[in-house]
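Good morning, everyone, and thank you for making time for this.

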Amino acid sequence: MIPHLISTRDLSREQAIALLDISADMAESGARENKKLPALRGKTIVNLFYEDSTRTRISFEVAEKRLSADVINFSAKGSSVAKGESFKDTIVTLREMGVDGVVIRHPSSGAPHLLAERDWIDVPVINAGDGTHEHPTQALLDAYTLRAKRWGDSARSKGLDGLRVVIVGDILHSRVARSNIWLLHTLGATVTVVAPPTLLPPGLSEWPVSVSYDLDAVLAQPCDAVMMLRVQSERMRAAYFPNAHEYSAGWGLTLERFHRLSPDVMILHPGPMNRGFEISSAAADATQSLVLDQVANGVFVRMAVLYSVLTGTEVMS
Amino acid sequence: MSSSVLISGATIADGTSSDILVVDGLIAKVGKVSDKTDRVIDATGLLALPGLIDLHTHLREPGFEQSETVLTGSQAAAKGGFTTVFPMANTSPVADNASVVELEQSRGIEAGYVQVQPIGAVTAGLLGTHLADLRGMADSRARVRVFSDDGKCVHDPLVMRRALEYVLAFDGVIAQHAQEPRLTEQAQMNEGEIASRLGLAGWPAIAEETIIARDVLIAESVGAALHVCHLSTAGSVDIVRWAKARGIRVTAEVTPHHLLLTEDLAVSYDARYKVNPPLRRQEDVLAVRAGLADGTIDIVATDHAPHPSEDKECEWDVAAFGMVGLESALSIVQQTMVESGQLSWADVVRVMSSMPARIGRLPWSGLAAGAPASITLVDPTARSVFSVDHLAGKSQNSPYFGRELPGRVVHTMFNGYLTVENGQLVDAETVASAARLRVAAGLVRGLNEERHDG
């Protein structure tokens, strides 16, 4: 049982596989005519979004409603936060209102950790992305997507053993990359990260990954999946690389690189995509691209996480 | 009316036992004393150290009185065994002119717990572009000799060169907060694997080391005195060691927290561990200890930086930098340096009293007849779990709660009267009255004193 979901680094292999198996249960329920489950009826969940997000917030909201929870959306804009209220005061206020769970997206790394550790509030906390720290439900939905594609109907109870995954892009600033590196490793996959040296985090040699600056050399070797990360244009202005053209030529999944890729290599992207920059439209829209599967699976994985932390159970009866 | 106090049976830092006779605020005799006195303090089993001197304190007054005032900061200092503090200039208004430094000094004299010897800003408004009224502050009643933009780095090499040159006129010293601003944009903690894992922007060692390397070369070329504030990395120790071997006039300080704490504490995202410069690696801790032991680092200075709880009970990247340190400094030095065998108590006197005085251009004669009776009596055998009860300042942002630390300041005497007695602060009115007597007797310089034409 996990009381909160803050980081994939905290998950054991057993816990991670259990969450993926529950996600599979949720996917099966989603195929039924009446998609709604009564599991969280009477529970009030607040989606506390201190940072703009469309897809993650909507994905959580759909998941919560499928589980019959009452949902409150809190966005930092137009709230007391805009008037200067402290993080702690906001949380204590929510506690007094009696919410049963908090899903939090925050620009400050560690904000969900504080929520879980401090006595400001005593309910399950789910990290929906904090600063440049972690985005654990994204990594879980990526793992679920890879596992379902790789193993099909026999995926249940399996990990990702032997899978070779290449993660490309702004590793330095990416919470998606961090959560994926820990979780893929825990599930038995081997991970190679590829980026310009300026976008790799210091101390990376202590992480369970191989590192390369040369995307073509890495893609010339056999691999099972390529995960392209979003690169924000402000990185260019901050001189992490000279210009968009040079980045794209060196580290983008261009049309030429896509055509050299074996057709059974899975292509992932957490979205939103910068088409023509880190990924070409040909790659994004290819049959081997799982970008839309990721979106659909995101709902099932978030249902599984909400169900597990709010009810304290790991396996559905 | 004459008053006399006998401190009996104290252990001096060299290990010998001695009585200390105090008459009218001055040490009258050190040795065997048989005179009858108004009062006797039994110091059997206690170490008598010359009053501790902190070259790097933030008293926050004027401007940030919700964090600390000259009075409350002086009380924190006394509780920690200090009798002199040098408050930094980053107040509001900034201490960049004679009026502000004289105000701070006067408030210190009125409070009466310690000598408050202000540090002046290097640049006007701490903006880094134009020199502050350096000579005006030097010639003021506060007689400022140490100048620092602490909290900010004097990063413009031309401004730094001019400042170092200019203070040669009155034997001043520039205390540099070594932080290259471009290399530390948004920086939150020591750069490395832990910062990467936590998603906190890294603060590289080179941001400190490149400035120190540059500044020792500038100091050498102009023959001026440079003091390096809160040195925190192994590389910085190497640079200062090289500079001293070359004969460059450089001195350096390390904080107690950089002698003990390491970057891994940030995994809690508890902003009590957020400090500038950041907590570093264990290798750095060992290097600064070695540097302090071999004299490369001259002194320990607290960088006592009080902040209200709302600036620490929040997200890490939103929180203020800094930790309080006056009340815990001596215990941390005892634990890290004395108990490890790297410093003797005589060395502690050097790094926490005589050298800070020398760098700060204050007269110092220690526990000698004729010296002001500023004496710290310590029980080095005591141990206690550090808690909020150990603090005496206004803010409680200490990183040491829950740690068992050695040593206890039992009594602090300042100019012959007690500011701390049996581990408890003497009340403000009693201390202020005693201070007024010393001022009336002409023992305290600075108040009602004509500005001298230096």
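**Loops, a helix and a chain**

Let me start in chain B, where P62(B) sits in the loop that runs between β6 (52-57) and α1 (70-79). Please keep in mind throughout that this is a predicted model. The peptide bond that leads from E61(B) into P62(B) is cis, and its omega is near 5 degrees. Chain B has another cis bond to show you, from S92(B) to P93(B), with omega near 0 degrees, and P93(B) belongs to the loop between β7 (82-87) and α2 (98-111) of that chain.

Now we move to chain A, and to the backbone angle phi. S68(A) is a residue other than glycine, yet its phi is positive, near 70 degrees. You will find S68(A) in the loop between α2 (55-66) and β2 of chain A. Is S68(A) buried or exposed? With a relative accessible area of 12%, S68(A) is buried, because buried here means under 20%.

S157(A) also is not a glycine, and it has a positive phi of about 70 degrees. The loop that holds S157(A) lies between α5 (136-151) and β5 (164-168) of chain A. S157(A), however, counts as exposed, at 53% relative accessibility.

Next, please look at helix α3 of chain A, residues 87-97, in which F87(A), T90(A), I91(A) and L94(A) are buried. These residues cover an arc of only 95 degrees around the axis, and therefore they are on the same side of α3(A). What covers the buried residues of α3(A)? The cover includes the strands β1 (44-49), β2 (70-75) and β3 (101-106), together with the helix α4 (111-117), in chain A. After α3(A) comes G98(A), with a positive phi near 80 degrees.

Finally, let us step back to chain A as a whole, whose secondary structure comes to twelve helices and nine strands. Its radius of gyration is 19 Å, close to the 20 Å that the globule rule gives for 317 residues, so chain A is as compact as a globular protein of that length. Of those 317 residues, 58% count as buried. If we take the contacts in chain A with a separation of 6 or more, residues 24 or more positions apart account for 74% of them. As for charge, chain A carries 32 positive and 36 negative side chains, and the centres of these two sets lie 3 Å apart.

Methods: Residues are numbered from 1 along each chain as its sequence is written. Chains are lettered from A and ligands numbered from 1 in the order in which they are written. Side-chain values use heavy atoms; hydrogens and water are left out. Helices (H or I, at least four residues) and strands (E, at least two) are DSSP runs, numbered from the N terminus. The radius of gyration is taken over C-alpha atoms; the globule rule is 2.2 Å times the number of residues to the power 0.38. Buried means under 20% relative accessible area, exposed over 50%, partly exposed in between (1.4 Å probe, protein chains only). Contact means heavy atoms within 4.5 Å. Lys and Arg count as positive and Asp and Glu as negative; His and the chain ends are not counted. The place of a charge is taken as NZ of Lys, CZ of Arg, CG of Asp or CD of Glu. The arc is that of the directions from the helix axis to the C-beta atoms.
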